[in-house]
Amino acid sequence: AQNALLKTIEEPPVYAIIILLTENCDSLLPTIRSRCVTLTMNPIEKDKICTYLENKFQLEPEQAQIAANYCQRNVGVIEESLCQQKEEMKNQVLKLLKNLDSMDIASIIDTIKEFSTHKNDINDYLDLMLLWYRDVLMFKVTKDANLLLYSDEYSAISEQATKRDYENIENIIAAIDKAKVRLKAN
């Protein structure tokens with residue numbers, strides 16, 4: 001595909017600007033890299049994002065932290081994530097994860113079917129789950145509620161931290177990461 005693109009990059013149409021985005025510049029052919037201008041984009045510092053969200057959206061500091069972590073410090077994504085749909089997604093995920101141990105298989109399947117109404121956002125669901133299990137693991141290690149992203153879910157997180165061992169939590173996190181990789185590859 002890169003070789004096919006090379007001709008277009010060598011002789012681009014006058015009316016066009018071609019923008020290539022990559023997380024790994026070294027994965028591009030040297031002949032393509034030599035014909036491009038490289039702009040390195042770094043994420044904005046988390047503290048600056050939190051201050052911005054607190055001021056613009058009147059968020060509590062904990063809420064701003066959750067939003068900054070969830071959206072991987074991308075301000076455009078953060079603003080979008082503050083819409084109602086994202087809040088609904090978060091509530092669906094929390095409903096599932098908080099009650100997972102007491103739910104029967106049919107209820108779990110029904111809840112997951114609700115996720116399918118937002119098929120294009122499946123990575124967001126997985127990110128929310130990762131943040132939850134990050135909190136469970138963090139609380140299990142430190143017993144410090146101040147380090148939780150979902151600090152308002154302290155009791156459910158502490159309960160899960162006592163029920164699950166380290167290996168179990170790490171297996172869950174690894175499975176979610178593997179699902180994300182497979183979805184990206186597909």
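## Fold and overall shape

Helices are DSSP runs of H or I with at least four residues, strands are DSSP runs of E with at least two, and both are numbered from the N terminus. On that basis the elements of the chain, from the N terminus on, run α-α-α-α-α-α-α-α-α-α. The C-alpha trace spans about 60 × 40 × 30 Å along its principal axes.

This is a predicted model, in which local features need pLDDT of at least 70 and side-chain atom pairs count only at pLDDT 80 or more, while totals for chains, interfaces and linings use all residues. Residues are numbered from 1 along each chain as its sequence is written, and side-chain values use heavy atoms, with hydrogens and water left out.

## Burial and contacts

Buried residues make up 31% of the 186 residues; buried means under 20% relative accessible area, exposed over 50%, and partly exposed in between (1.4 Å probe, protein chains only). The chain exposes about 12,500 Å², with carbon and sulfur atoms supplying 53% of that area. Accessible areas come from the Shrake-Rupley method with a 1.4 Å probe, and for residues only the protein chains shown count as cover. Of the contacts (heavy atoms within 4.5 Å) with a separation of 6 or more, 55% are between residues 24 or more positions apart.

Glu153 sits in the loop between helix H8 (122-142) and helix H9 (154-163). Glu153 is buried, at 13% relative accessible area. Leaving aside residues up to four places away in sequence, Glu153 touches Leu94, Lys98 and Trp132.

## Surface patch

Ile17, Ile19 and Leu21 form a nonpolar surface patch with about 440 Å² of accessible area together. Patches are made of residues with over 30% relative accessible area and no salt bridge; like charges are joined within 9 Å, and nonpolar side chains (Val, Leu, Ile, Met, Phe, Trp, Tyr) within 5 Å. Leu21 lies in the loop between helix H1 (2-10) and helix H2 (30-33) and is exposed, at 80% relative accessibility.

## Salt bridges

The whole structure holds nine salt bridges, each a side-chain nitrogen of Lys or Arg within 4 Å of a carboxyl oxygen of Asp or Glu. In one of them, Glu10 pairs with Arg35, the closest N and O atoms being 3.2 Å apart. This pair links distant parts of the chain, with Glu10 in helix H1 and Arg35 in the loop between H2 and H3, 25 residues apart. Glu10 is partly exposed at 38%, as is Arg35 at 40%.

Asp101, Glu159, Lys163 and Arg164 are linked in a network of salt bridges. Lys163 meets Asp101 at 3.7 Å, N to O. Lys163 lies in helix H9 and Asp101 in the loop between helix H6 (84-99) and helix H7 (105-115), so the pair ties together parts that are 62 residues apart in sequence. Lys163 also bridges to Glu159, with the closest N and O atoms 3.1 Å apart; both lie in helix H9, four residues apart, about one turn of the helix.

## Cysteines

A search of the whole structure finds zero disulfides, a disulfide being a pair of cysteine sulfur atoms within 2.5 Å. The closest cysteine sulfur to that of Cys36 is in Cys25, at 8.0 Å, too far for a bond. Cys36 is partly exposed at 29% relative accessibility, whereas Cys50 is buried at 6%.
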